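Q: I'm new to this structure and would like to learn how to read it. Could you take me through it step by step?

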Amino acid sequence: MTGEAVTRQIRVMLVEDHSDFRALMEVLLNGQSDIELLAQAGSLAEAREQAAKFEFDIVVLDLGLPDGNGADLIADFRRSNPEVGVLILSASLDAAGVEKATRMGADEIMDKLAPLEEVLGTVRRLGSA
């Protein structure tokens, strides 16, 4: 393992339709020396556009998006990068949504109200895998 591999930042894409929460996550993620927020999207369509431009280590994904269910993006992300980590971070964690996200291949599912350190720890764990 080279020194470069050890110091490389975890590349993150954030898919979240609520601008206030997206801004909070931007500050949180960009405040970490080992994490780089490469792209943000507020809808399925925007996420697909961003995914075509960048390669991510992890996607932090909301389920409730204005143009569909965020879980529908998981297969798209995995087609271009089978190793990408997928963290569902959503307030809409009903049983059907959790089941769909699990079936589609989400690596971790967390409530938006989870402690920030727990969210960061999960981003680091999934992004370093």
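A: Let's start with burial: a residue is called buried under 20% relative accessible area, exposed over 50%, and partly exposed in between (1.4 Å probe, protein chains only). Asp57, with a relative accessible area of 10%, is therefore buried. Before going on, note that this is a predicted model, where local features need pLDDT of at least 70, side-chain atom pairs count only at pLDDT 80 or more, and totals for chains, interfaces and linings use all residues. Residues are numbered from 1 along each chain as its sequence is written, and side-chain values use heavy atoms, with hydrogens and water left out.

Q: How many helices and strands are in the chain?

A: Helices (H or I, at least four residues) and strands (E, at least two) are DSSP runs, numbered from the N terminus. Here the chain has 6 helices and 7 strands. Their order from the N terminus is α-β-α-β-α-β-β-β-α-β-α-β-α. The radius of gyration is 14 Å, close to the 14 Å of the globule rule for 129 residues, so the chain is as compact as a globular protein of that length. That radius is taken over C-alpha atoms, and the rule is 2.2 Å times the number of residues to the power 0.38.

Q: What share of the residues in the chain is buried?

A: Buried residues account for 43% of the 129.

Q: How many salt bridges does the structure hold?

A: Side chains of opposite charge can pair when their charged atoms come close. The term salt bridge is used for a side-chain nitrogen of Lys or Arg within 4 Å of a carboxyl oxygen of Asp or Glu. This structure holds 11 of them.

Q: Which residues are linked with Asp57 in a network of salt bridges?

A: Arg8 and Arg11 join Asp57 in that network. Between Arg8 and Asp57, the closest N and O atoms are 2.8 Å apart. Arg8 sits in the loop between helix H1 and strand E1, and Asp57 in the loop between helix H3 and strand E3, so this pair ties together parts 49 residues apart in sequence. Arg11 also has its closest N–O approach to Asp57 at 2.8 Å. Since Arg11 lies in strand E1, that pair ties together parts 46 residues apart. Arg8 is partly exposed at 44%, and Arg11 is partly exposed at 22%.

Q: Are Asp62 and Lys112 buried or exposed?

A: Asp62 is buried at 2% relative accessibility, and Lys112 is buried at 15%. Their side chains meet in a salt bridge (3.6 Å, N to O).
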